[in-house]
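Walk through this fold with the coordinates open.

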Amino acid sequence: MDDSMLLVLYDRITKRSLSRERVFRDRDNAFDLDDDEFRSRFRLTKEATAWLCNELRDDLVRRKSRTVIPPEVQLLITLQFFASGGFQRNVGDHCQLKVAQSTVSRIMPSVVNSIIRRLGHKISFPRSREQQLDVSSRFFIISQMPGVVGAIDCTHIAIKAPPASKYNEESFINRKGFHSINVQVVCDSQLRILNINPLYPGRTHDAFIWRNSTLRENFEDGVIGRGLWLLGDSAYPLETWLLTPVGNPSTAAELNYNAAHRKARNTIERCFGVLKQRFRCLDLKSAGGLQYVPEKSAKIVMACAILHNICVAFNIPTEEICGNDDDDDDDSINEIEHSANQNAVNVRQQLILQRFC
């Protein structure tokens, strides 16, 4: 985005035209913050925020409302909630964005829906052979593992207990003992999210979500090229298009394969760490989780994933959390390894013999 376009977008943000309607004005313009403080509070840079607001503007202009809240302020209020994980009242009391809790409650769903509707295409699995080979070549550089078009795993996003009158509450209690939705994510080596499914209750096993996913159907139907695969941990079934670690490695080649597999698959753990560090609303176990019903919580997860990819596209840095995500279901390794079909075992073994001896 060139400087002239930025000036135009900033001008829209900093200047408010007078009208007969009662127009909301923020006490202090958030864009007057220095760059680091702005990014700390809203996670996006000023440039990315201006671009994003321009993309969503038509959805966020409320022409019939008595109180006109500029699209820029609506967006910043939502970003502030995503970034801080604070309750709506605390977000509304922010010195730059002082509005009532009821206003925050009205604004956020509109912004979330607009992000998903307008920018949902920012999450897309590579379809062309050229795109797939580009992704796999980047994985090969970091791990020496060939043919990898994504790393897959699930992570739990804590939510409040859904009302028992409308939901099977017990299905949302995961094996860690808190209410959650179990979110399946596939990412590339640059931590860009390629596919996401936030629709399953926390008790649902990772392998079940995968077996019932559209992405798996695409692999099975040959939509995604042969000789390419995802990498999953031991919670997943070994398939010809989804490679898992060797459960009990007994040779040097199998150890080498597991090491390369771990290097490549570590990207999904890093992706979860960056996503939850960037948008703290997704990491609220101690505070009882997102205070919304599962459907609204799923939309917030989706919107944050889209914004995460926008941050990747704009090269916006964030502190990266090291270590493994603690939501794996590794206790099922023996059952899944035992049930693997022989064709999948042969594919993995052939790869091990060709590449890791």
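An open sheet is built from 5 strands, ordered β5-β4-β3-β6-β7, with mixed pairing. Strands here are DSSP E runs of at least two residues, helices are H or I runs of at least four, and both are numbered from the N terminus. Two strands pair if DSSP finds at least two bridges between them. β5 (193-201) and β7 (242-243) are the edges; each has a single partner strand, so one side of each lacks a neighbour in the sheet. Helix α10 (residues 252-278) packs on the sheet and touches β3, β4 (180-187), β5, β6 and β7. Its direction makes about 45 degrees with that of β3. Such angles run from 0 to 180 degrees between N-to-C directions, with axes fitted to C-alpha atoms, for helices over the stretch in contact.

The model is predicted: local features need pLDDT of at least 70, side-chain atom pairs need 80 or more, and totals for chains, interfaces and linings use all residues. Numbering starts from 1 along each chain as its sequence is written, and side-chain values use heavy atoms, without hydrogens or water.

Strand β3 (residues 148-158) pairs with β6 (residues 229-231) in the parallel sense over 3 bridges. V148 has W229 as its bridge partner in β6.

Now take F139, in helix α7 (residues 129-143). F139 is buried, at 0% relative accessible area; buried means under 20%, exposed over 50%, partly exposed in between (1.4 Å probe, protein chains only). Its contacts (heavy atoms within 4.5 Å) beyond four places in sequence include V148, C187 and A264. The C-alpha atoms of F139 and A264 are 6.2 Å apart, across 125 residues of chain.
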